[in-house]
Amino acid sequence: MEQIGQFVNSNLLEIYILLMAIFLGFELISRVPTVLHTPLMSGTNAISGVVTLGGIILIRSAAADNYVQLVLGSLAIILGVINIVGGYAVTDRMLKMFKKEKK
Amino acid sequence: MESLVSILYMIAVFAFAYGIRMMRSPKTAKQGNVISLIGMLLGLLGSLIQPLPLGDNNYLWIVMSMFIGSAIGLPLAQKVKMTAMPQLVAMFNGLGGASATVIGIVELLNINAQTPFSSKFISVLALLIGAISFTGSILAYLKLEGKLRKQWVVPGHNALNLLLLVIMFGLGILIATGTNGIGWPLWVMLALSLFYGVFFVFPIGGADMPVVISLLNSLTGLSAAAAGGIYGNKAMLIGGILVGASGTILTLMMCQAMNRSLWNVILAGKFTAGSGASSNGTDQVMKEITKPDAAILMQYSKNVLVIPGYGLAVSQAQKIVKEMDDLLGGVDVSVKYAIHPVAGRMPGHMNVLLAEADVPYEKLLDLDDANAALKNTDVVLIIGANDVVNPSANDDPGSPIYGMPILNALDAKHVIVMKRGRGAGYSGIENPLFYHDKTKLYFGDAKASLNEIIAELKENL
């Protein structure tokens with residue numbers, strides 16, 4: 001219990017940010033029309049590729065001969081980058097198809 | 001340098017939020033996606049130049065990995081058919097979760113006596129949530145791809161579910177409070193969370209996939225946020241939470257559209273075939289309509305409303321529908337489309353498929369608008385949809401879908417249903433609409449049927 005209290009105290013700012021971000025996420029999405037739900041999902045899915053940043057920091061903090069960390073870090077980056085590149089490309093492809101009525 | 005990096009992360013976060021904000025309208029959505037991408041690139045740049053207390057940078061490894069990742073991801077995204085979109089998104093999503101899991105593993109392998117509880121606990125979260133999302137998404141991928149049709153529920157599924165969660169969480173606390181010797185608890189927890197992803201998606205039926213995909217999307221966001229917590233990286237933290245929160249709200253919206261609680265979807269099992277209280281007697285018959293009649297009926301009406309379901313996507317008939325739409329438009333018949341929120345295999349899937357066929361988005365009506373329009377509709381043409389037009393949802397308390405908001409097709413003057421066969425369809429629920437006086441059935445594959453109608457129309461016009 002003490003550790004949890006300590007955890008909250010030492011991460012107070014992060015927790016505030018967290019709460020505001022949750023609120024923002026709710027607000028942003030609740031106004032998106034159904035028409036765009038699929039692109040929205042694949043677009044936000046691409047954003048979850050930010051996890052790649054962690055992979056980069058992981059590899060950069062490794063010693064040049066720490067192969068376990070280098071290989072695992074590379075794996076994290078590869079998986080994350082597939083998510084980013086694929087996610088944005090697919091979203092773009094979908095959104096290109098939404099057209100206005102030709103008059 | 002520190003402050004430059006902070007600014008980069010700040011812009012990245014703003015770009016993510018603003019990008020999502022621009023997705024509110026089809027006009028700005030494409031730009032929104034580009035803005036979000038720019039945010040991502042700036043974030044990546046930040047993590048590349050951020051000063052770190054230790055390490056040898058190893059840029060070569062990073063460049064190589066990024067190259068490999070792009071070389072795999074880009075072709076997948078460019079080649080995929082729009083009908084297969086839900087699978088692909090599920091897979092990308094799973095990979096993001098896997099990435100967070102790997103990061104969690106490495107960080108937990110690296111801990112020592114000085115590592116604070118909070119960092120260890122956050123690493124545990126990244127690993128746990130990421131792993132569940134990974135295997136869950138892969139299973140969703142297999143289900144959507146049709147490679148896995150089975151769906152059973154083990155006896156005591158819910159108790160087992162709870163037990164698994166408790167064990168995983170317990171192991172997580174054990175790891176986070178331990179000072180060293182990660183050893184077996186780490187690997188057991190990893191194995192359990194990987195198993196849990198499978199366990200939790202396995203019993204969920206294909207018709208509920210939009211909800212599951214959306215939920216998994218949200219989990220991956222949370223795992224990314226947790227990974228961000230490990231490094232105190234604000235871009236990851238907020239980006240991940242944005243995805244987590246937006247995924248959650250989208251999930252709840254889907255559930256609402258089916259009038260079921262999230263629990264009910266996850267715990268599954270409630271959707272058993274043919275469990276309607278009032279089973280339709282054998283005395284009721286489906287009335288068929290002939291090709292010429294169907295064509296003429298539509299041709300001489302003012303308003304036609306198409307209700308597409310997954311059957312349309314399966315037979316790849318979007319473009320043919322559009323062709324019929326153009327022909328009818330030529331004789332001043334107004335054709336619109338009614339899209340139920342859970343039509344298709346992911347939220348809004350039907351909209352994308354029709355957009356691909358060049359149907360302008362102004363012609364796509366959502367549930368409320370469509371129901372308002374239905375009252376003045378001459379002909380409603382239902383193509384491969386079933387549960388979303390099942391009137392039992394309105395008036396049969398014994399029906400498993402009672403209470404689900406539906407498209408009230410019977411408000412229109414005539415109803416034509418294009419259907420592959422006489423069976424009850426994917427969910428196995430009887431649909432009284434098919435036996436109603438107003439309803440005429442047109443049996444056959446959606447694409448073939450539409451082609452027949454088009455041929456008739458061309459002859460007549």
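How many residue pairs in polar contact does the rule find across the interface of domain 2 of chain B and domain 3 of chain B, counting pairs with both residues at pLDDT 80 or more?

A: The model is predicted. Across the interface of domain 2 and domain 3 of chain B, the rule finds two residue pairs in polar contact, with both residues at pLDDT 80 or more. Elements α4, α8 and α9 of chain B each give two or more residues to the side of domain 2 that touches domain 3. Sorted by class, that side of domain 2 has 13 nonpolar residues, four polar residues and no charged residues. The count of salt bridges between domain 2 and domain 3 of chain B is zero. A salt bridge requires a side-chain nitrogen of Lys or Arg and a carboxyl oxygen of Asp or Glu.

In terms of contacts, 17 residues of domain 2 of chain B meet 23 residues of domain 3 of chain B. In terms of area, about 1,700 Å² is buried between domain 2 and domain 3 of chain B, and carbon and sulfur atoms give 73% of this area. The size of an interface is often given as the accessible area lost when the parts come together.

The two domains belong to a division of chain B into domain 1 (1–79), domain 2 (82–271) and domain 3 (291–460). The C-alpha centres of domain 2 and domain 3 of chain B are 36 Å apart.

Chain B also contains an open sheet of six strands, with parallel pairing and the order β3-β2-β1-β4-β5-β6. Its edge strands are β3 (364–365) and β6 (439–443) of chain B, each of which pairs on one side only. Strands of a sheet pair through backbone hydrogen bonds, either parallel or antiparallel. Strand β2 (residues 334–338) of chain B runs parallel to β3(B), and two bridges join them. The bridge partner of B:A338 in β3(B) is B:L365.

Chain B has a further interface, with chain A. Here 105 residues of chain B are in contact with 81 residues of chain A. The area buried between the two chains is about 8,500 Å², of which carbon and sulfur atoms give 75%. Three residues, B:M23, B:R24 and B:W61, supply 8% of the area that chain B buries against chain A, more than any other three residues.

Across the interface of the two chains, the rule finds 22 residue pairs in polar contact, with both residues at pLDDT 80 or more. Several helices of chain B each supply at least two residues of the side that touches chain A, among them α4 (85–109), α8 (209–231) and α9 (234–257). The largest share of that side, 17 residues, comes from α9(B). The residues of the side of chain B that touches chain A divide into 60 nonpolar, 32 polar and 13 charged.

The rule finds one salt bridge across the interface of chain B and chain A. The side chains of B:K30 and A:D92 meet in a salt bridge at 3.9 Å, N to O. The side chain of A:D92 also meets that of A:K96 in a salt bridge, at 3.3 Å, N to O. Because A:D92 and A:K96 are four residues apart in helix α5 (residues 67–96) of chain A, about one helical turn separates them. A search of the whole structure finds six salt bridges over all chains.

Technical notes:
Residues are numbered from 1 along each chain as its sequence is written. Chains are lettered from A and ligands numbered from 1 in the order in which they are written. This is a predicted model: local features need pLDDT of at least 70, side-chain atom pairs count only at pLDDT 80 or more; totals for chains, interfaces and linings use all residues. Side-chain values use heavy atoms; hydrogens and water are left out. Contact means heavy atoms within 4.5 Å. Buried area is the accessible area (1.4 Å probe) that two parts lose on being put together, summed over both. A salt bridge is a side-chain nitrogen of Lys or Arg within 4 Å of a carboxyl oxygen of Asp or Glu. A polar contact is a pair of N or O atoms within 3.5 Å; within protein, one must be able to donate a hydrogen and the other to accept it, and residues adjacent in sequence count only if both atoms are side-chain atoms. Ala, Val, Leu, Ile, Met, Phe, Trp, Tyr, Cys and Pro count as nonpolar, Asp, Glu, Lys and Arg as charged, and the others, Gly among them, as polar. Two strands pair if DSSP finds at least two bridges between them. Domain bounds come from an automatic or database domain assignment.
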